[in-house]
Amino acid sequence: MNDFADAEQIFLLGIALAIGLLIGVERGWKYRDAKEGGRIAGLRTYGLIGLLGGVAGLLSQYLGTVAFGFVFVGFMVATTVAYAIQCRSNVDISITSLITMMLTFVLGTLAALEHVNLAASIAITTAMLLRFKDVLHGWLRKLGRHELNAFLQLLLISVVLLPVLPDQGYGPWQVLNPYEIWWMTVLIASISFVGYFAMKIVGPKKGVILTALVAGMASSTALTLHFSRLYQKQPKMKNILTSGILIACGMMFPRIVLISSVINPDLFSPLLIPMAVMTLLTLFSAAVIWFKNGEQSSGELIHSINPLELKSALFFGILLVLVLLLGKAAIHHFGEIGLILFAFVSGIADVDPINLTLSRMSITELPLDVAVLCIVVASSTNTLVKAGLAVFVGGSGMRIKVFVPLLITAGAGLLIAWVG
């Protein structure tokens with residue numbers, strides 16, 4: 001039995017050593033050209049630090065946590081003194097190395113205490129953070145003030161506000177659940193936020209197509225308006241711009257399926273066919289127009305969408321509350337026909353609030369086929385609104401290239417949903 005225990009402890013110490021060596025490989029590779037003694041720690045030192053942390057963890061099991069505390073404090077004092085001495089002769093030594101050594105010690109301890117998966121995961125994450133320093137700093141240099149504000153606001157509405165909201169129904173028909181309403185608001189805001197930064201990483205020089213693909217997951221209406229304006233100002237790029245509009249509009253349908261499935265996974269299968277057909281019809285039209293004039297240059301198109309605004313999130317939350325109340329009232333007083341008419345009207349303004357409302361109602365009180373039909377009605381209405389917006393802003397040239405394909409798309413979706 002003792003032999004088995006010793007073998008297990010040796011294995012755990014081996015894991016602790018491997019964790020130290022993993023981090024040491026990254027540190028040693030980075031400072032591989034430094035002369036001997038020109039760095040605080042290298043491959044061997046980090047391996048020994050991980051092993052020391054593992055030994056300290058085993059000691060704590062036999063001698064108590066006080067023994068571990070003495071070892072850890074002694075290690076911290078020794079590494080801090082070594083860091084201070086090294087900094088006197090080399091001003092380029094970063095405090096990152098000091099923090100990394102302490103973390104390696106703790107990870108070795110976690111491994112020795114049988115938290116192997118946790119320690120290994122943190123070690124790999126640490127090595128990646130250290131390895132991609134230049135990439136992370138490059139992203140930071142490109143980050144604008146409004147983008148940083150947007151990120152902090154997203155954390156505020158998700159991490160700070162969401163957990164403290166009550167998860168129970170209030171108001172008429174108990175339809176107003178603060179937690180669920182705000183969670184759906186955060187969901188939409190997060191999709192727009194991710195879409196914005198994905199589009200920024202792609203960059204305008206990558207062309208209209210990639211921009212439209214990502215923008216469609218964030219705001220296809222905003223992109224339709226933006227490209228329709230450019231349609232009048234850049235006549236040499238008309239076909240490419242119309243292709244971009246169609247692509248962005250086509251990407252709305254996968255977004256609808258994604259959001260609906262997150263709220264109610266049972267909606268995925270019945271929504272898949274109509275939304276897939278609508279997506280394929282729109283993208284096929286975009287491809288036809290694109291290949292007619294593929295030699296056109298994509299230019300320097302910049303699609304400026306605010307990544308996130310707290311006012312916009314609050315407005316969306318209020319709009320969602322109104323849609324929830326009106327949707328419940330429509331089905332309560334007029335039945336399914338009233339809800340279909342309400343979906344038609346709601347789709348004129350925005351498809352996301354009615355999509356979230358119907359997805360939520362389909363969990364307990366609304367048949368799936370009715371929810372699917374209403375979602376398709378709302379998305380078709382919204383598609384036709386964008387088609388009309390393109391013609392109104394971009395001019396008559398958009399009628400054949402944008403309005404007709406989107407009209408066919410909306411009609412096909414409604415037909416499939418109605419027959420199904």
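Which residues of H11 are buried? They are Leu271, Pro274, Met275, Met278, Thr279, Thr282, Ser285, Ala286 and Ile289, where buried means under 20% relative accessible area, exposed means over 50% and partly exposed lies in between (1.4 Å probe, protein chains only). This is a predicted model, in which local features need pLDDT of at least 70 and side-chain atom pairs count only at pLDDT 80 or more, while totals for chains, interfaces and linings use all residues. Residues are numbered from 1 along each chain as its sequence is written, and side-chain values use heavy atoms, with hydrogens and water left out.

**The whole protein**

- The protein has 15 helices and zero strands; helices (H or I, at least four residues) and strands (E, at least two) are DSSP runs, numbered from the N terminus.
- Of the 420 residues in the protein, 45% are buried.
- Take the contacts (heavy atoms within 4.5 Å) with a separation of 6 or more: 76% of them join residues 24 or more positions apart.

**A closer look at helix H11**

- Helix H11 covers residues 268-292, which is 25 residues. The expected span of a helix is 1.5 Å times one less than its number of residues, so H11 should span 36 Å, and its end C-alpha atoms, 35 Å apart, agree with that.
- H11 has a kink of about 25 degrees, centred on Pro274. The bend at a residue is the angle between axes fitted to the seven residues ending there and the seven starting there.
- Pro274 is also one of the buried residues of H11.
- Which helices do the buried residues of H11 pack against? They pack against helix H10 (238-263), helix H14 (368-394) and helix H15 (398-419).
- Thr279 sits in H11 and is buried, with a relative accessible area of 12%. Not counting residues up to four places away in sequence, Thr279 touches Gly250, Phe253 and Pro254.

**H11 beside H14**

- H11 and H14 pack at an angle of about 20 degrees, and their axes are 10 Å apart. Axes here are lines fitted to C-alpha atoms, for helices over the stretch in contact, and angles run from 0 to 180 degrees between N-to-C directions.
- That angle makes H11 roughly parallel to H14, because angles under 35 degrees count as roughly parallel, over 145 as roughly antiparallel, 65 to 115 as roughly perpendicular and the rest as oblique.
- The crossing of H11 and H14 is right-handed. A crossing is right-handed if the near helix is turned clockwise from the far one by less than a right angle, and left-handed if anticlockwise.
- On the H11 side, Pro270, Leu271, Pro274, Met275 and Met278 meet Val372, Ile375, Val376, Ser379 and Ser380 of H14.

**H2 crossing H4**

- Helix H2 (residues 43-63) and helix H4 (residues 95-112) have axes that come within 6 Å and cross at roughly 45 degrees.
- H2 and H4 are therefore oblique to each other, and H2 passes H4 in a right-handed crossing.
- Residues of H2 that make the contact include Gly50, Gly53, Gly54 and Gly57, and those of H4 include Ser97, Thr100, Thr104 and Gly108.
- Ile95 belongs to H4 and counts as partly exposed at 48% relative accessibility. Ile95 and Ala84 are eleven residues apart in sequence and 9.9 Å apart in space, C-alpha to C-alpha.

- Is Glu114 buried or exposed? Glu114 is exposed, with a relative accessible area of 52%, and lies in the loop between H4 and helix H5 (116-131).
- Most residues other than glycine have a negative phi. Phi of Glu114, however, is positive, near 75 degrees.

- Ser359 is found in helix H13 (residues 351-361) and is buried, with a relative accessible area of 0%. Leaving aside neighbours within four places in sequence, Ser359 is in contact with Ser260, Ile263, Asn264, Leu267 and Ile375.
- Phe342 is placed in helix H12 (residues 310-349) and counts as buried at 13% relative accessibility. Phe342 and Cys374 are 32 residues apart in sequence, and their C-alpha atoms are 8.6 Å apart in space.
- Val321 also lies in helix H12, but is partly exposed at 23% relative accessible area. Beyond neighbours within four places in sequence, Val321 is in contact with Leu176 and Ile181.
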